[in-house]
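Please keep the sequence and the model open while reading.

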Amino acid sequence: MVPGTRPKPLEELSEEERVEWRKFTKQLPLDWFPPETWPLLAQLCRHVCQSRWVGQCLQEVRAGIAPTEDDELERIERLQRMHDREGKAVVALMVKLRITSQQRIPEDRDARHARAEAAQMPPPETAPWTRPSITQ
């Protein structure tokens, strides 16, 4: 990887997955995805595309049939479970890659202030483990 360039999509990805790769890498700083994160990013792109496909299947089922038979209902439930599983995988990978909005929101000012005050407090005169025990 050349410094100052965005990582190119991995060859193993489909064209649809490469589009997702470019979307993620375009939105974040150049150094956000070092080479050791590329397998996670590739997997994220796969899960996004897989989730989209399962969602499309669900839409087709909803639009095309009114489930009345048990096997049709079972198929819908199976698709919904698959869609849910893909969504959870997407979220987990986005958290690991630190690309959710929660991880980019600045930390609360009051929390930073409290930690800074605690760091400035002088240490106790004696360490707790060297103080005489109450039971002695």
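How many residues does helix H1 have, and how far does H1 reach from its first C-alpha to its last? Helix H1 (residues 15-27) has 13 residues and reaches 19 Å, close to the 18 Å expected at 1.5 Å a residue. Helices here are DSSP runs of H or I with at least four residues, numbered from the N terminus, and the expected span is 1.5 Å times one less than the number of residues.

This is a predicted model, in which local features need pLDDT of at least 70 and side-chain atom pairs count only at pLDDT 80 or more, while totals for chains, interfaces and linings use all residues. Residues are numbered from 1 along each chain as its sequence is written, and side-chain values use heavy atoms, with hydrogens and water left out.

Glu-17, Glu-20, Trp-21, Phe-24 and Thr-25 of H1 are buried (under 20% relative accessible area; exposed is over 50%, partly exposed in between; 1.4 Å probe, protein chains only). They lie on the same side of H1 because they cover an arc of only 125° around the axis, taken from the directions from the helix axis to the C-beta atoms. The face turned away from this buried side carries the exposed residues Glu-15, Lys-26 and Gln-27.

The charged end of Arg-98 sits over the ring of Trp-32, 5.1 Å from its centre (CZ of Arg or NZ of Lys within 6 Å of the ring centre and within 35 degrees of the ring normal).

The structure holds zero disulfides (cysteine sulfur pairs within 2.5 Å). Cys-45 is in no disulfide, and the nearest cysteine sulfur, that of Cys-49, is 6.9 Å away.

| Residue | Relative accessible area | Class |
|---|---|---|
| Cys-45 | 0% | buried |
| Cys-57 | 12% | buried |

Key:
Helix = DSSP H or I, 4+ residues; strand = E, 2+ residues; numbered from the N terminus.
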